[in-house]
Amino acid sequence: MENKKPNEKQIEEIADLLDCGMLCFYHRPTGTIESHPDPDDPFFDPEPWEDLMEKIEADWTNYDRFEKMESREAYQVMEKFAFSLDDAVFREEILQELSKRKPFQHFKMLIDDSEYRQDWFDFKKKAYIEFVKEQIDGM
């Protein structure tokens, strides 16, 4: 059986799942996507996910695992978003917030109360799709 690669729709689904903090696995023989929360998360409850995790573990060599962005990479996406804005005042405000402690929290508060909220979601989605495609290219 030929090994498949994720199509555009699946790449978008993987990107969305990763953005939500899930771990993603692509089963090459069937072209299906499996996902579950990160077991390293302190609030992870393994019970509802045991069957799925065992299924993936039993067929590990046929799965590609997709990683979520590390904090550094997610920070760079926020920074790139700020630099993509034409609004110099808001751009400076974002960059100021990113330079403080807890930059993710400050960024979220600033964006959520702004007219750029949807622009941010669109920008982040594109960044995550590119991030998934880079992982596919490296497999």
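## Sheet, helices and two loop residues

The side chain of Asp 38 has a polar atom 2.8 Å from the backbone nitrogen of Asp 40. The model is predicted. Asp 38 belongs to the loop that runs between E2 and H2. Is Asp 38 buried or exposed? Its relative accessibility is 15%, and because buried means under 20%, Asp 38 counts as buried. Leaving aside residues up to four places away in sequence, Asp 38 touches Gly 21, Leu 23, Phe 44 and Lys 68.

Lys 102 has a phi near 55°, which is a positive value in a residue other than glycine. With a relative accessible area of 52%, Lys 102 is exposed, since the term applies over 50%.

**The sheet**

Strands of a sheet pair through backbone hydrogen bonds, either parallel or antiparallel. Here three strands form an open sheet in the order E2-E1-E3, and the pairing is antiparallel. Which strands stand at the edges? They are E2 (32–37) and E3 (63–66); each has a single partner strand, so one side of each is left without a neighbour in the sheet. From one strand to the next, the twist averages 25°. E1 (residues 22–27) and E3 run antiparallel and are joined by four bridges. Phe 25 stands opposite Arg 65 in E3.

Two helices are placed against this sheet. Helix H1 lies across E1, E2 and E3, and helix H2 packs on the sheet, touching E1, E2 and E3. Their directions are listed below.

| Helix | Residues | Reference strand | Angle to strand |
|---|---|---|---|
| H1 | 8–19 | E1 | about 155° |
| H2 | 50–58 | E2 | about 125° |

**The H3 and H5 pair**

Two packed helices are described by the angle between their axes and the distance between the axes. For helix H3 (residues 71–84) and helix H5 (residues 103–112), the axes come within 11 Å and cross at roughly 35°. The crossing of H3 past H5 is left-handed. Which residues make the contact? From H3 they are Ser 71, Ala 74, Tyr 75, Met 78 and Phe 81, and from H5 they are Pro 103, Phe 104, Phe 107 and Ile 111. By class, the residues of this contact comprise eight nonpolar, one polar and no charged.

Notes: Residues are numbered from 1 along each chain as its sequence is written. This is a predicted model: local features need pLDDT of at least 70, side-chain atom pairs count only at pLDDT 80 or more; totals for chains, interfaces and linings use all residues. Side-chain values use heavy atoms; hydrogens and water are left out. Axes are lines fitted to C-alpha atoms, for helices over the stretch in contact, and angles run from 0 to 180 degrees between N-to-C directions. A crossing is left-handed if the near helix is turned anticlockwise from the far one by less than a right angle, and right-handed if clockwise. Contact means heavy atoms within 4.5 Å. Ala, Val, Leu, Ile, Met, Phe, Trp, Tyr, Cys and Pro count as nonpolar, Asp, Glu, Lys and Arg as charged, and the others, Gly among them, as polar. Two strands pair if DSSP finds at least two bridges between them. Buried means under 20% relative accessible area, exposed over 50%, partly exposed in between (1.4 Å probe, protein chains only). A polar contact is a pair of N or O atoms within 3.5 Å; within protein, one must be able to donate a hydrogen and the other to accept it, and residues adjacent in sequence count only if both atoms are side-chain atoms.
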